[in-house]
Amino acid sequence: CGFMPARNTLSDKLNALEDAGFPIRQDFDEGICYDGHDLTDGELRFLIDSVLYSDFVTHKSAEQIIETLAAFGTTEFQKEINRQKSRIERSRKGVNQNVYNIIDDLQTAIRNKKQISCNYLTYRPNLTTECVYPEDITVNPYELVCKKGRYYLLGALKDSDRMLSWRVDRLC
């Protein structure tokens, strides 16, 4: 996707999968593998649709991720997904390609109980963007939530207990 993950990103993600109950086998001689059931075509379709209709995934990234996921399906499933590739071009896609990095940074801050400094973009009537706050704000991030194809950060401003939410693709 055009960025290099942090050194501990893969390990953190694998540990999170294990904590969530996925049977991940880590062996220093053999490597890392999923040690559970194969995903059904229905489960793969759910994951593919999640990628397809996420507003922040670019067309190119969506196509690569969908091809990778489809490879885990049956031959018939792969043929069906190949026939539906035109849906990728017809789906809406966001313009903020840094969302992957922002999500990774936010997840790291949440895990390490660190505050973040950011601002929030809004669109003006002439479709240009501007920052909502005159200066960067300090946020205590609590959770990332995905709803209707968009990620939201739940948190509170520094020295406040009031819970707020910000669309991740508008954070800067």
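Predicted model: local features only at pLDDT ≥ 70, side-chain atom pairs only at ≥ 80, totals over all residues.
View 1. Together with Leu39 and Leu47, Phe46 forms a nonpolar surface patch, and the three share about 260 Å² of accessible area.

View 2. How accessible is each partner? Aspartate 49 is partly exposed, with a relative accessible area of 22%, and arginine 45 also counts as partly exposed, at 26%.

**View 3. The largest nonpolar core.** This core has 17 residues, and Leu106, Leu153, Trp166 and Val168 touch the most other members. Which element gives the largest share? That would be H6, with six residues. Zoom in on leucine 106 and, leaving aside residues up to four places away in sequence, you find it touching Ile116, Leu144, Leu153, Val168 and Leu171. Another core of 11 residues lies apart from this one, and its members include Ile48, Leu69, Phe77 and Ile81.

**View 4. From S3 to S6 to S7.** Strands S3 and S6 pair in the antiparallel sense over three bridges; on this stretch, serine 117 has threonine 138 of S6 as its bridge partner. S6 also pairs with S7 (residues 150-157), again antiparallel, this time over eight bridges. Here leucine 144 stands opposite leucine 153 of S7. The S6 and S7 hairpin has two residues between its strands, and lysine 148 there takes a positive phi near 55 degrees.

**View 5. From S7 to S8.** S7 and S8 run antiparallel and are joined by four bridges. What does leucine 153 partner with in S8? Its bridge partner there is tryptophan 166.

View 6. By the rule used here, the model has four salt bridges. In one of them, arginine 124 meets glutamate 130 at 3.4 Å, N to O. Arginine 124 is partly exposed, with a relative accessible area of 40%, and glutamate 130 counts as partly exposed as well, at 37%. In another, the side chains of aspartate 169 and arginine 167 come to 2.8 Å, N to O. Buried or partly exposed: where do these two fall? Aspartate 169 is partly exposed at 23%, whereas arginine 167 counts as buried because its relative accessibility is 14%, and the buried class is under 20%.

**View 7. Stepping back to the whole chain.** The protein chain has six helices and eight strands, in the order α-β-β-α-α-α-α-α-β-β-β-β-β-β along the sequence. Of its 172 residues, 30% are buried. The chain exposes about 11,800 Å², with carbon and sulfur atoms supplying 52% of that area. Among contacts with a separation of 6 or more, 46% link residues 24 or more positions apart.

How values were computed: Residues numbered from 1 in each chain as written. Heavy atoms only, no water. Core = buried A, V, L, I, M, F, W, Y, C linked by side-chain atoms within 4.5 Å. Buried < 20%, exposed > 50% of the residue type's maximum accessible area, 1.4 Å probe, protein only. Contact = heavy atoms within 4.5 Å. Pairing = 2+ DSSP bridges. Patch = residues over 30% accessible without salt bridge, like charges linked within 9 Å, V, L, I, M, F, W, Y side chains within 5 Å. Areas by Shrake-Rupley, 256 points an atom, 1.4 Å probe, with all protein chains shown as cover.
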